[in-house]
Amino acid sequence: MPRVAENRAPATPSSPAQQERYRRILRAAADHGAEHGLDRIQMLDVARDAGVAIATLYRYFPSKTILFTALLHSQVEQLDRNSVPVEPGQEPAEAVARVLVDAARKLLERPRLAQAMLQSNNATVAGESPNMAATVEFADLILRVAGVVEASDHDRRLVRLIEQTWYGVLTSQLNGHITTEEAEADTVLACRLLLAELGR
């Protein structure tokens, strides 16, 4: 079968049946990513385990990079649903740090999958499909947790910096350059330094 072009826009599932197929593809991709990492995954295997035709998989996910970026989207959305906004008397930076530390622990339960998602998201930011990166969802999550209702341009710049820093810390931990304790301490410190003025 000829390779499907990677530069076309992925389709969006609309009907309940399409959305279910979409979710099955993401679940299958997560299993393969956790076992093999990004480079050794075959799209045909993902389609087979998801119970869809390979053409269906490529319709929604024209490349592995887009597939695993979409998987990161779903992880951020789930994190957003489960996160708790800043509590009375709590500093916004502290609330954000708590969420990011908890998220990192969850992601690192499946390190190969985490690496695949971060690697793919970085590739989309670098140019393949920058509008598909999980940047907007991540920013909305951080602002909601911090209790910022109307974000200024400066607020969004701070959030962008904490996103880039957190991804870097995660990557360093995944590569074995820093320990879990160091990664969590770095995350807390980054939030304290970068988000002190958030919403003010």
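A28 has its place in helix α1, where helices (H or I, at least four residues) and strands (E, at least two) are DSSP runs numbered from the N terminus. The model is a predicted one, in which local features need a pLDDT of at least 70 and side-chain atom pairs count only at pLDDT 80 or more, while totals for chains, interfaces and linings use all residues. Residues are numbered from 1 along each chain as its sequence is written, and side-chain values use heavy atoms, with hydrogens and water left out.

With a relative accessibility of 6%, A28 counts as buried; the cut-offs are under 20% relative accessible area for buried, over 50% for exposed and the range in between for partly exposed, with a 1.4 Å probe and protein chains only. Apart from its neighbours within four places in sequence, A28 is in contact (heavy atoms within 4.5 Å) with V46, D49 and A50. Towards R200, which is 172 residues away along the chain, the C-alpha separation of A28 is 43 Å. D49, one of the contacts of A28, is found in helix α2, which covers residues 43-50, and at 46% relative accessibility D49 counts as partly exposed. When neighbours within four places in sequence are left aside, D49 is in contact with A28 and H32, and its C-alpha atom lies 9.5 Å from that of D31, although D49 and D31 are 18 residues apart in sequence.

The structure holds six aromatic pairs, where rings of Phe, Tyr and Trp (its six-membered ring) pair if their centres lie within 6.5 Å, with planes under 30 degrees apart counted as stacked, over 60 as edge-to-face and the rest as tilted. In the pair of Y22 and F61 the ring centres are 4.9 Å apart and the planes stand at 40°, so this pair is tilted. Because Y22 lies in helix α1 (residues 16-36) and F61 in the loop between α3 (54-60) and α4 (64-82), the pair ties together parts that are 39 residues apart in sequence. The rings of Y60 and F61 have centres 6.5 Å apart and planes at 65°, so that pair is edge-to-face. Y22, Y60 and F61 form one aromatic cluster, in which Y22 is partly exposed at 22% relative accessibility, whereas F61 is buried with a relative accessible area of 0% and Y60 is buried with 3%.

The next topic is the empty space. Rolling a probe the size of a water molecule over the atoms shows where empty space is left. On a 1 Å grid over the protein atoms alone, a cavity is a set of points where a 1.4 Å probe fits but cannot get out, and a pocket is an open set with protein on both sides within 12 Å along at least five of seven lines; lining residues have an atom within 4 Å of a point. Grid points are joined across faces, edges and corners, and a volume is the space filled by probe spheres set on the points.

The largest pocket holds about 740 Å³ of space and is lined by 31 residues, of which L26, A70, L71, H73 and S74 lie nearest its centre. At least two lining residues come from each of α1, α4, α5 (92-107) and α6 (111-126), and α4 gives the largest share, nine residues. By class, this lining has 16 nonpolar, seven polar and eight charged residues, where Ala, Val, Leu, Ile, Met, Phe, Trp, Tyr, Cys and Pro count as nonpolar, Asp, Glu, Lys and Arg as charged, and the others, Gly among them, as polar.

The second largest pocket has about 280 Å³ of space, and of its 16 lining residues Q75, Q78, L79, A103 and K106 lie nearest the centre. Here α4 and α5 each supply at least two residues.

One cavity of 30 Å³ or more is counted, and the largest cavity has a volume of about 50 Å³. Its lining consists of V101, A104, W166, V169, L170, Q173, A183, E184 and T187, with two or more residues from each of α5, α8 (153-174) and α9 (180-194). The largest share, four residues, comes from α8.

As to confidence, the chain averages a pLDDT (the predictor's confidence in each residue, from 0 to 100) of 87, and 91% of the residues score at least 70. Over residues 1-5 the pLDDT is below 50, and this stretch has five contacts in the model beyond near neighbours in sequence. Where pLDDT is low, the predicted coordinates should not be read in detail.
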